[in-house]
Amino acid sequence: MNPVMSKLHDAFERRKGGLLFQSALAFSVRAFGAGSGFLLNLIIARTLPPQQAGYYFLAFTVIQVLAITGLLGLQTSLLRFIGSSKAEKNWNEASAAHKTGTLWAFLLATSLGVLLYVTSPWLAEHILEKPDATPALQAMSPSVVLFALLTLNAHALQAVGDVIKSVSTLNILVQLLLAAALLMDLATTAQTTAAFYSLACLLTMFISLFWWLRKPRIHWRGVGQFPATTLWQSCLPLWWVTLMGLSVQWGGQLISAAYLPPEELAILAVTQRTAMLTSFILMAINLVVAPKFAGLYKLGKIDELKQITFTSTRLLLVASIPLLFLLMVFPSWILSFFGKGYEEGGHVLRILAAGQIINVLTGSVGMLLAMCGHEKDLRNALLITGPMAIVLAIIFIPLLGLYGAALSTAIPFAIQNLFAARLLHRRLGFSPLSAFVKFK
């Protein structure tokens, strides 16, 4: 290699390690993932009748709740332990953490999936008050364990810096496979769509596991179990965080099932997923910074940790402004792409987008608490807002319908992030919000 090309190569390699380069890569991949999810929701809304779309989205919400519950908070614990193990180049510890986490999640998530299949008729009729949703729930029940395992694989890949494979696992492969089935008219009802979703999760789980085990120095053979006490002490507070987070994110949809017709459930699902496009930008940045948070904190480099936090938060704000503008100013126009009737959720989308503004300003606050070993603080923040979301949903949805569901999601979501920012500032002396507002 000639001297000029050698210098260019060295400069490129240095930039590859920089936050801006990695964030740009993560944003590009995550944007494709967000686009895949948005496209899938669009195809479902335009392909399935509104009632069938409502049943599918309801079943999907139930599956998400059970799968994330079955993970025991392990996904964030693995991100922390594998990320810090990478910083210390302790690959046996990284392999052991993934192996142990996979076993734990498999046992609990499988139990929940079987329980869902058996109890689906009772759940659909007596709790959700949608007996016709039973076939979709049963067809999607295998994906409880499949989605849990592919989520662990995605977080393990994220922890070692493989952004492309991590996002592909969690946000691209399943969506594209299911979209293909819908476009080929293989899935025409909520039940068949749910069945193809389970199949897509199965294929993605095996692909992502193959990617992980093919990593240099990563292996399961001959690797012992990760210390159970260490893993349990980390994941237990995070499990409560997860459960309360589910209350905030999905509680409104589940409670809405008892009060709203399936057509309005479809509108609520579409508006919530559209508003969450902003969260995908945050997740893209977290793909890069989360392992760095864990590594810098373990090495005691707090000043560097503070700098990378402020830089990532400002990047998030700049990247989110155009999308937030569209969601707040042209919500009905955006929803019109999903088909006739969905534009009625314009004001609902505005409410949900308003909650996302606080999410942007507080940046990676939850990830920072988790990666720096303050899982209990994150748990405490959510122990307040999780029950709040349920109470608000019970009060608002019967009175305000779709608007009540949106308010019961947006209000606790905003309070949760602000409270977590305050707790983080007390621990480290700064928070992502400190990039804009100075705390005393």
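I am working with a predicted model. I started with the second largest cavity and looked up its lining, which consists of G54, F57, L58, T61, Q253, L265, L268 and A269. I then checked which elements supply two or more of these residues, and found α3 (50-70) and α11 (262-275). Which element gives the most to this lining? It is α3, with 4 residues.

The structure holds 2 cavities of 30 Å³ or more. How does the lining of the second largest cavity divide by class? I wrote down 5 nonpolar and 3 polar residues, with no charged ones.

Next I turned to α4 (residues 74-87) and α5 (residues 91-127), whose axes come within 8 Å. I read a crossing angle of roughly 170° for them. Angles over 145 degrees count as roughly antiparallel, so α4 is roughly antiparallel to α5.

On the α4 side of the contact I listed L74, L78, F81, I82, S85 and K86. Their partners in α5 are W91, E93, A94, A97, H98, G101, W104 and A105. Sorting the residues of this contact by class gave me 9 nonpolar, 3 polar and 2 charged. For my own reference, K86 is on the α4 side and E93 on the α5 side.

Note on methods
Residues numbered from 1 in each chain as written. Predicted model: local features only at pLDDT ≥ 70, side-chain atom pairs only at ≥ 80, totals over all residues. Heavy atoms only, no water. 1 Å grid on protein atoms, 1.4 Å probe; cavity = no way out; pocket = protein on both sides within 12 Å on 5 of 7 lines; lining within 4 Å. Points joined across faces, edges and corners; volume = space filled by probe spheres on them. Nonpolar A, V, L, I, M, F, W, Y, C, P; charged D, E, K, R; others polar. Axes fitted to C-alpha atoms, helices over the stretch in contact; angles between N-to-C directions. Parallel < 35°, antiparallel > 145°, perpendicular 65-115°, else oblique. Contact = heavy atoms within 4.5 Å.
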